[in-house]
Every structure is written in C-alpha cells, then in structure tokens.
Amino acid sequence: MTIGRQGWWCSMFGALLLSILATTPPRLDASNIEGQVVVKTARDNSNAVVYIDKIPGKTFTPPSAPIPLDQVNLTFVPHVLPVLVGTKVAFPNSDDIRHNVFSPTPSSKFNLGTYPKATTKYYVFNKSGTITLLCNVHAEMSAYVIVTDTPYFAVTDKAGNFSMKNVPAGKYVLKVWHEKAKPTSMPIIVEDNRTVITNFELKR
Ligand SMILES: [Cu+2]
C-alpha cells in the first residue's frame, strides 16, 4: 500500500500528537493534603477535624441534599461532623425511644424538640464555628458540628490519619480541632499536583 503526500502529513501529525499526549502529564489544578493527628489527651486519635476555614474571596455552594447525623443506640452518629456553612443537616431518630436535639452554643442556639423513631428534623448551619449538640433526654449524648467556610475538611480515623482531596493550589491556614485538646493551626502552601504531608500533635 502506498500513501500519498496528504496521508504522509496526516500520519506524521498523528504521531506527533500521540507523543505529546503520552509525555504531558494530566494537569489538575489541585492537590491532596494528608497526614496524621496525634491527640495526646484522648483515648485514640479519631474524630479530630482538619480543615481550611477560609479562602478569602471564595464562597462555596453547600450540598443540595441534607447530611445525616443519626441517633442510634443512645449515640449521635457520627460524633463529629464537619460541614460547609449553609449545609442542611438531617437529624433522624433511629432508636425505639424518644430523643431530643438541641444546641446550647450561643452562635447557633436551637432546639428541635423531643421526637420518636422514624422522625427526621432538620437544621441549617448558617454560621461558622464549633457547635455542640446535646439531647435533653439523655445527658450522656453529645456531638459536634464543625461549620467551616470551605468544603476542605477531613476527620481523622483511630490512627489519626486524614486525607483531604482536590484542594486548589494556594496559601492557607490549616486548622485542627478535637473536643479534648487545644485547637491548633499551621500555615500551608498547596502546589499543583503535589500531595502535602502535614502532621500535628494536639495537647491540652
Ligand atoms: Cu437522647
């Protein structure tokens, strides 16, 4: 088979294009932040929240569907829930007994009342901050909603590991919160296509 002049140019161009595609890494203008939080004052390293609290000049749209914070076996599940400001949280009751949900935190004081199984109440968290949740029927029940101005947050597992995906490049302050320790923060630089490893130790 012979190829004409046009065909030759076409195949040369195709080969050139293929080699460009093969050697150029995919450009993602975002990176991951990963690391470990050691909580000296707690039983284990779980339920610490790592977050970027603000990116000046940027606002984000909260999720359209409510985020659940359930009540199961006399426990709020999850115990710690980070959400973007403006997020609607659903509070179902999955127990056979009545529960109540209220917050004594001055910036987000509310009381959803006492309600039975298979009932869901809602609250929209419109102010950033750490909100304590309690149940006035069961004194042992507590939970925390960490309301942030960015969707860049992560909760640690028992080992203290966290992973925050697709953070845009920039300079930020990374904050860490745990109910049993003093909060801390650290300046951080996120570059394109790099995973930033950041470790913390929280004390009283
Ligand atoms: Cu309760």
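The legends below walk through several close-up views of one predicted model.

**View 1**
Start with the metal site. The copper ion is held by H99 through ND1, C135 through SG, H138 through ND1 and M141 through SD, at distances of 2.0 to 2.6 Å. Looking from the ion out to these four donor atoms, the angles between them run from 94 to 133°, so the arrangement is tetrahedral. For four tetrahedral donors, the ideal angle at a metal is 109.5 degrees. Along the chain, the donors follow the spacing H-x35-C-x2-H-x2-M.

Are C135 and M141 buried or exposed? Both C135 and M141 are buried. H138 belongs to the loop between β11 (129-134) and β12. With a relative accessibility of 12%, H138 counts as buried because the cut-off for that word is under 20%. Now look for L74: its C-alpha atom and that of H138 are separated by 7.5 Å, although the two residues are 64 residues apart along the chain.

**View 1**
Strand β8 (residues 99-103) and strand β9 (residues 110-115) run antiparallel and are joined by four bridges. Which residue of β9 is the bridge partner of H99? That partner is Y115.

**View 2. An open sheet of three strands.**
Here the strand order is β3-β7-β10, and the pairing is mixed. Follow β3 to strand β7 (residues 87-92), and you will see two bridges pairing them in the parallel sense. Within this pairing, P68 stands opposite A90 of β7.

**View 5**
How many aromatic pairs does the structure hold? There are five. One of them joins F60 and Y152 edge-to-face, with 5.7 Å from centre to centre and 90° between the planes. F60 sits in the loop between β2 (49-52) and β3, while Y152 sits in the loop between β12 (142-148) and β13 (153-155), so this pair links parts of the chain that are 92 residues apart. Y152 is buried, at 12% relative accessibility. Y144 and W177 make a tilted pair, since their ring centres are 5.2 Å apart and their planes meet at 55°. Because Y144 lies in strand β12 and W177 in strand β15 (residues 170-177), their pair ties together parts that are 33 residues apart in sequence. Y144 and W177 are both buried.

**View 3. A ring cluster and a charge over a ring.**
Three aromatic residues, F110, Y123 and F125, are linked into a cluster by ring pairs. A separate contact involves a charge and a ring. Where does the charged end of K88 sit? The charged end of K88 sits over the ring of Y122, 4.8 Å from the ring's centre.

**View 4. Salt bridges.**
The whole structure has six salt bridges, among them the one between D53 and K175, whose closest N and O atoms are 3.1 Å apart. D53 is in the loop between β2 and β3 and K175 is in strand β15, so this pair ties together parts that are 122 residues apart in sequence. K175 is partly exposed, at 26% relative accessible area. In another salt bridge, E191 meets R194, with 2.9 Å between the closest N and O atoms. E191 is partly exposed, at 41% relative accessibility. E201 and K203 also form a salt bridge, at 3.6 Å from N to O. Is K203 buried or exposed? K203 is exposed, with a relative accessible area of 51%, whereas E201, at 43%, counts as partly exposed.

Note on methods:
Residues numbered from 1 in each chain as written. Predicted model: local features only at pLDDT ≥ 70, side-chain atom pairs only at ≥ 80, totals over all residues. Heavy atoms only, no water. Pairing = 2+ DSSP bridges. Phe/Tyr/Trp six-rings, centres within 6.5 Å; stacked < 30°, edge-to-face > 60°. Buried < 20%, exposed > 50% of the residue type's maximum accessible area, 1.4 Å probe, protein only. Lys NZ or Arg CZ within 6 Å of the ring centre and 35° of its normal. Donors = N, O, S within 2.8 Å, 3.2 Å for Na, K, Ca; no water. Tetrahedral: all angles 85-135°; square planar, octahedral: opposite > 155°, others 65-115°. Salt bridge = Lys/Arg side-chain N within 4 Å of Asp/Glu carboxyl O.
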